Amino acid sequence: MSDPWGEVERKVSNVRFYLGVDVGGTKIQASLVEGSGTVVGREKVSTPRNVGPDQVVAEVERAMEVVVKAKGLQLRDLTAIGIAVPGVVDPEAGRVVVTPNMNLDGVAIGTRIRDRYKVPVALGNDCNLGALGEAWLGAARNAKSMMSILVGTGIGGGFVRNGKLWRGAREAAGEIGHIVMQIGGPQCGCGNHGCFEALASRSAIERDLRAGVAAGRKTVLTEMVKGDLSVIRSGALRDALAAGDELVTEVISRASETLGYACLTVRHLIDPEVIVLGGGLIGACSGFIMPIVERIIENDRLPGARKGGHVFLSALGDDAVVLGAVALARIQVGRNPFHKEHVVAAKYPQVAWQRFGEVTVQQKTYARDVYLLVDGSVKKRKKSLAKQSYGDSHMVGPEELEKVCKGGPEIVFVGTGESNHLSLNEDAQRFLRQRSIQCESLPTPKAVEAYNKSARRKAALLHVTC
Ligand SMILES: [Zn+2]
């Protein structure tokens, strides 16, 4: 593939580094990523408000410099940079066309950063790139075609087929948030009425909750947010659902149904192999939302459509967009990660089982249970999570898997102790299934062996001592 910026050979100690940058309305995230997709550094800062575009770009550059320097590198050591922006972009010109929620309209952010640091820069829409990230390393890693739907303040999406983003004739494809789902419905930020986003985004949910409260309905949220219902975090919504709050349950049920019918529309329109749901609201409330979406999908009566469009949850979470940006950057410099010859294997530590009660990871001995994460790091197991939820540290639930599977491994090895002490409960199995993460449960010595042998993107939970 030709590279419009002219590729410069860059390699630092045989590892190529890329930067994925997610420039959002509220935060800027810059992640340093190896060619394998392993994230080796992160910098997250707030997006400056009420300032000109120059200051926003300066803050982006500052975040990029911080994360690169922390690894002892410089920006010119990078092979390429991928930048995601919430809006329409002109990738050839390295320019933002329009960003409804930010002050970057018409700014040539890609060209500017390329010229300043002399590194190739790829520019894309954030939701499109989130889809590309999930297609590369996330829940859609094994699918030939996928559509992702991200639900947050707004709703966006992206369609990827055979490792290629469908960007549309005018770079405006994937705007699933603006399909009209209720003719004459509430007005959307885009100006139209009854858009999916105006019915099911977190902002739409906030609006409906405020209307409910104004009409005299009671909700636990009023106390939780101390009377300020202007911005309600996804976590607060999850807690209100867990408390069985009637108003919140009613409003989110309706939003979830709308999401379910949007999935049905996607299936009928493009019949992707996989649909991936992500974004803050779904991340926080998936336990409530997914059964509603699944019920609607299962009740599809259109002949021929019933088998396809399996719905997964995002496996990459916050990393989906930055990894998609890196994938786009790699494609632009002729190192397409979807092409076999350019797949780079991630590096992992060697693990050794010493005896019951002792495991060694990269020469360091642990006399306790450990998590081996997808980026190769080691974390001490939080047995308290299991004890709190199940009164028994030998039961593994979704709370723990969320920690073990951070960053979206393809497979997770569970070492169950010398003779199967540890087990995954039903919610844990569902957690893995919903993210398309494979699991192998084996006695710890065998699990260590299988872990060392596996060449895939992997993680592990090792029960070492009781
Ligand atoms: Zn709209």
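1. Two residues are taken to be in contact if their C-beta atoms, placed from the backbone, lie within 7 Å. The model under discussion is a predicted one. On that contact criterion, six residues of domain 2 meet six residues of domain 3. The side of domain 2 that touches domain 3 comprises five nonpolar residues, one charged residue and no polar residue.

2. These domains belong to a chain divided into domain 1 (17-131 + 319-342), domain 2 (139-315) and domain 3 (351-462). Between the centres of domain 2 and domain 3, taken over C-alpha atoms, the separation is 31 Å.

3. Helix 7 (residues 234-242) and helix 8 (residues 246-270) have axes that come within 8 Å and cross at roughly 115°. Helix 7 is therefore roughly perpendicular to helix 8, angles of 65 to 115 degrees being counted in that class. The crossing of helix 7 past helix 8 is left-handed.

4. Which residues make the contact between helix 7 and helix 8? Helix 7 contributes Leu237, Ala240 and Leu241, which meet Val248, Thr249 and Ile252 of helix 8. By class, the residues of this contact are five nonpolar, one polar and no charged.

5. Strand 13 (residues 351-355) and strand 14 (residues 358-361) run antiparallel and are joined by four bridges. Within this pairing, valine 361 of strand 14 stands opposite valine 351. Strand 13 and strand 14 form a hairpin with two residues between them. In the turn, glycine 357 has a positive phi of about 100°.

Conventions: Residues numbered from 1 in each chain as written. Predicted model: local features only at pLDDT ≥ 70, side-chain atom pairs only at ≥ 80, totals over all residues. Domains from an automatic or database assignment. Nonpolar A, V, L, I, M, F, W, Y, C, P; charged D, E, K, R; others polar. Axes fitted to C-alpha atoms, helices over the stretch in contact; angles between N-to-C directions. Parallel < 35°, antiparallel > 145°, perpendicular 65-115°, else oblique. Left-handed = near helix turned anticlockwise from the far one by under 90°. Pairing = 2+ DSSP bridges.
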